[in-house]
Amino acid sequence: MARAKRPKAVHQLTLPQFEAMFPDEDACRAYLVARRWPEGVRCPRCGNPAVYDLPSRKWHWQCEKCAPDGYRFSVIAGTVFENTNKPLRDWYRVVHIMLTAKKGISSRQLWRYMGFGSLKTAWYMAHRIRVALIEDVEKLGGIVEVDETFVGGKDKNKHWDKRSGGSGGIGSDKTPIVGAVKRKGNVVARVIENVRRDTLEKFVNETVSTKVSLLCTDDNVSYRRLRYRYPHFVVDHSHGQHVIGAVHTNTIEGFWSLIKRGIMGSFHKVSHKYLPLYVAEFQFRYNNRGNADIFGTAISGC
């Protein structure tokens, strides 16, 4: 039987293309205006389209509607680029690097690559961009897989007085993440406090449509009541079951592997406080894997 042809690869913005598109600051500002206000500049406070240019300051406008003396704003007002002394071209470079690195790039590596004077600058810029990459995804339909995983160092590698005594999942001090993915579609992932039944059921009800054709999970007992609401089928990993026809959780487990390879190979350590931002970054990159204009999509969200 002949193998099906693989789809053509989506070519992301290459470095020569990036340099040609953004040769200077004016090109960066013009691009941001076009992505942010495709139908004309509007006031970021009140949405008023009747704004006018300030002749004395390029890329600045004034709105007379939302302030008695007029509200002056620039192209970066209300974006993650606001209140920064770094040029837009540097911000664009960091966005481009983060989106083209499949398993992410650490702040320290960004610091070395960009030549910033402080590591904190790279860390600050990367986290601001991750906040902008947080996206709302519509409820998933079709064939959906749901699974949970735990992120954190192995207990045996910790100092003796910091070991939890857990086996690595429940009972350890690792951080749980739950995710749902549509086959050949989008993924939704969230950091959660625990993997109890009520927590997992709440996540599934918020992210999965009741009109799904199939809901696949592993044999976790917390998912058992889902069969009353969804066409729910299970693979029992404890008995060596991994694929039963269309029932498997390999897609969501593939997504977990991207996150864990990124943490182990690029970030090395991620705190519980900032883990949701890293998860949002991986989710955005996964959901836009077929988007040739992923850079423009990210800039629009910034």
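This is a predicted model: local features need pLDDT of at least 70, side-chain atom pairs count only at pLDDT 80 or more; totals for chains, interfaces and linings use all residues.
**Entry 1: Arg-197**

I start with a definition: a residue counts as buried under 20% relative accessible area, as exposed over 50%, and as partly exposed in between.

Where does Arg-197 lie? I found Arg-197 in helix H6, which covers residues 197-207. Leaving out residues up to four places away in sequence, I saw that Arg-197 touches Ser-222 and Arg-225. I also checked how Arg-197 sits relative to His-60: they are 137 residues apart in sequence, and their C-alpha atoms are 52 Å apart in space.

**Entry 2: Lys-202, also in H6**

I stayed with helix H6 and picked Lys-202, which lies in it. Is Lys-202 buried or exposed? The relative accessible area is 53%, so Lys-202 is exposed. I then took the C-alpha distance from Lys-202 to Ser-271 and got 25 Å, for a sequence separation of 69 residues.

**Entry 3: The whole chain**

I stepped back to look at the whole protein chain. I counted nine helices and eight strands. Along the principal axes, the C-alpha trace spans about 75 × 50 × 50 Å. The chain has 302 residues, and 45% of them count as buried.

The accessible surface comes to about 17,100 Å², and carbon and sulfur atoms own 51% of that.

**Entry 4: Aromatic rings**

How many aromatic pairs does a search of the whole structure find? The search gave me 19. I picked out the pair of Phe-22 and Tyr-31. The ring centres of Phe-22 and Tyr-31 are 5.1 Å apart and the planes meet at 85 degrees, so this pair is edge-to-face. Both Phe-22 and Tyr-31 are buried.

My other pick was Tyr-71 with Phe-73. Here the ring centres are 5.7 Å apart and the planes are at 20 degrees, so I noted the pair as stacked. Tyr-71 has a relative accessible area of 14%, so Tyr-71 is buried. Phe-73 is buried too, with a relative accessible area of 2%.

Next I went to the second largest pocket, with a volume of about 380 Å³. Its lining is made of Gln-12, Leu-99, Thr-100, Lys-102, Lys-184, Phe-255, Leu-258, Phe-282, Arg-285, Tyr-286, Arg-289 and Ile-294.

Which of them gives the largest share? H8 does, with three residues. Sorted by class, I have six nonpolar, two polar and four charged residues in the lining.

**Entry 5: His-248**

I then looked at the loop between strand E8 (232-234) and H7, where His-248 lies. With a relative accessible area of 15%, His-248 is buried. Setting aside residues up to four places away in sequence, I noted that His-248 touches Glu-145, Arg-183, Cys-216, Val-235, His-242 and Val-243.

A reminder to myself: most residues other than glycine have a negative phi. I wrote down two residues with a positive one.

Trp-59 is not a glycine, yet its phi is about 65 degrees. I found Trp-59 in the loop between strand E1 (52-53) and strand E2 (60-63).

His-268 also has a positive phi, near 70 degrees. His-268 lies in the loop between H7 and H8. Is His-268 buried or exposed? The relative accessible area is 60%, so I put His-268 down as exposed.

Note on methods. Residues are numbered from 1 along each chain as its sequence is written. Side-chain values use heavy atoms; hydrogens and water are left out. On a 1 Å grid over the protein atoms alone, a cavity is a set of points where a 1.4 Å probe fits but cannot get out, and a pocket is an open set with protein on both sides within 12 Å along at least five of seven lines; lining residues have an atom within 4 Å of a point. Grid points are joined across faces, edges and corners, and a volume is the space filled by probe spheres set on the points. Helices (H or I, at least four residues) and strands (E, at least two) are DSSP runs, numbered from the N terminus. Ala, Val, Leu, Ile, Met, Phe, Trp, Tyr, Cys and Pro count as nonpolar, Asp, Glu, Lys and Arg as charged, and the others, Gly among them, as polar. Contact means heavy atoms within 4.5 Å. Buried means under 20% relative accessible area, exposed over 50%, partly exposed in between (1.4 Å probe, protein chains only). Accessible areas come from the Shrake-Rupley method with a 1.4 Å probe; for residues, only the protein chains shown count as cover. Rings of Phe, Tyr and Trp (its six-membered ring) pair if their centres lie within 6.5 Å; planes under 30 degrees apart count as stacked, over 60 as edge-to-face and the rest as tilted.
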